[in-house]
Amino acid sequence: MNDFFLKEKFLILAYDHGLEHGPSDFSEKSADPEFILKIAQEGRFSAIVLTPGIAEKFYFKFREIPLILKLNGKTRLSQEDPVSLAYGSVDLAKRLGAVGVGYTLYPGSKYESLMLKEFGKIREEAHQENLGVVAWVYPRGKAIENETDPKIIKYAARIGLEIGADLIKIKYPLKDPEFLENFFKEVRKATPRAKIALAGGEKLEEERFLEILRLAMKAGLNGAVVGRNVWQRENPFPFIEKIREIIFEENQPWL
Ligand code: FBP
């Protein structure tokens, strides 16, 4: 396994929103991938997540930032149960010098078996090339009433362990701190040895996001893969420093 995924803690910047959500997530500045790559660089992120089109055009100047190439993705334009299949390849990730690949699965969708099958194949190829695999595990589809139901998120985390992801990205329920404290501990217990990172989600009030992250880290989770909560802020750097402090300085229950 490549060294990147041997780490215990991660702060990764996500920037695949142009495909997933469209340009409405961006300001004039954040629509420019260079602006985001500079945030990753100055903010000393562990890695950046880019789509193939963006990586090919913009990554070459920023090769010191570890790259996770997102191999699949879908738009918001379809109303069907979600399915997201790879349009990028492990081969491309290798050529771009990535440390890993990213793949979103939608358990609960009527197409889940297609994604599970493809994930397995990609994982195999990636590991043969010494790349890690990050799984976005987002239960979704007509069968999933509430994708941030705590039981559903716990199940998502466990799915990530079962399918052999090197890092598992899960959402969090928007509940009060007492609930979350216990919830994250349950997630940890349900996923022995798995590395779990929180997704960022929509931009929250600063303190709220930090509190959620702090509870997750205290329970022994492994960091965050965050996008909008960082690059939608006017000046993201003080916030990034606070996140770094929580992930890398505070709470080290497993050390
Ligand atoms: P954010 O931190 O901005 O939520 O990004 C995390 C992420 O998983 C992105 O990688 C992805 O584009 C987006 O959220 C997808 O979210 P959803 O499918 O819930 O709209």
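I shall start with Tyr172, a residue that is buried because its relative accessible area is 8%. Here buried means under 20% relative accessible area, exposed means over 50%, and partly exposed is in between, with a 1.4 Å probe and protein chains only. A word on conventions: this is a predicted model, in which local features need pLDDT of at least 70 and side-chain atom pairs count only at pLDDT 80 or more, while totals for chains, interfaces and linings use all residues. Residues are numbered from 1 along each chain as its sequence is written, and side-chain values use heavy atoms, with hydrogens and water left out.

Where does Tyr172 lie? Tyr172 sits in the loop between strand S6 (167–170) and H7. Helices (H or I, at least four residues) and strands (E, at least two) are DSSP runs, numbered from the N terminus. Leaving aside residues up to four places away in sequence, Tyr172 touches Thr148, Ile153, Phe184, Leu198, Ala199, Gly200, Gly201, Leu204, Phe209, Ile212 and Asn229. Contact means heavy atoms within 4.5 Å.

One of the partners of Tyr172 is Ile212, which belongs to helix H8. Ile212 has a relative accessible area of 1% and is therefore buried. Its contacts, again without residues up to four places away in sequence, are Tyr172, Leu174, Leu180, Phe184, Leu198 and Leu204. The C-alpha atom of Ile212 also lies 7.2 Å from that of Pro177, although the two residues are 35 apart along the chain.

I turn now to the aromatic rings. Rings of Phe, Tyr and Trp (its six-membered ring) pair if their centres lie within 6.5 Å; planes under 30 degrees apart count as stacked, over 60 as edge-to-face and the rest as tilted. By this rule the count comes to 10 aromatic pairs. One of them, Phe179 with Phe183, is stacked, at 6.2 Å centre to centre and 15° between the planes. Why are these two about one helical turn apart? They are 4 residues apart in helix H7 (residues 177–190), which means a separation of about one helical turn. Phe183, at a relative accessible area of 3%, is buried, whereas Phe179, at 34%, counts as partly exposed.

A further pair joins Phe209 and Phe239: the ring centres are 5.9 Å apart and the planes stand at 50°, so the pair is tilted. This pair links distant parts of the chain, since Phe209 is in helix H8 (residues 206–218) and Phe239 is in helix H10 (residues 237–249), 30 residues apart. Both Phe209 and Phe239 are buried.

Glu241 and Leu11 are 230 residues apart along the chain, yet their C-alpha atoms are separated by 11 Å.

Next, the backbone. Most residues other than glycine have a negative phi, and most peptide bonds are trans. Arg44, which is not a glycine, has a positive phi of about 50°. Arg44 is in the loop between helix H2 (33–42) and strand S2 (47–50), and with a relative accessible area of 48% Arg44 is partly exposed. Asn130 likewise has a positive phi, near 65°. The setting of Asn130 is the loop between helix H5 (112–128) and strand S5 (132–137), and its relative accessibility is 40%, so Asn130 counts as partly exposed.

Finally, the chain as a whole. How many helices and strands does the chain have? There are 10 helices and 8 strands. Why does the chain agree with a compact globule? With 255 residues, such a globule would have a radius of gyration near 18 Å, and the chain has 17 Å, which agrees. That radius is taken over C-alpha atoms, and the globule rule is 2.2 Å times the number of residues to the power 0.38. Along the principal axes, the C-alpha atoms fill a box of roughly 45 × 40 × 35 Å. Of the 255 residues, 54% are buried. Among contacts between residues at least 6 apart in sequence, 74% join residues at least 24 apart.
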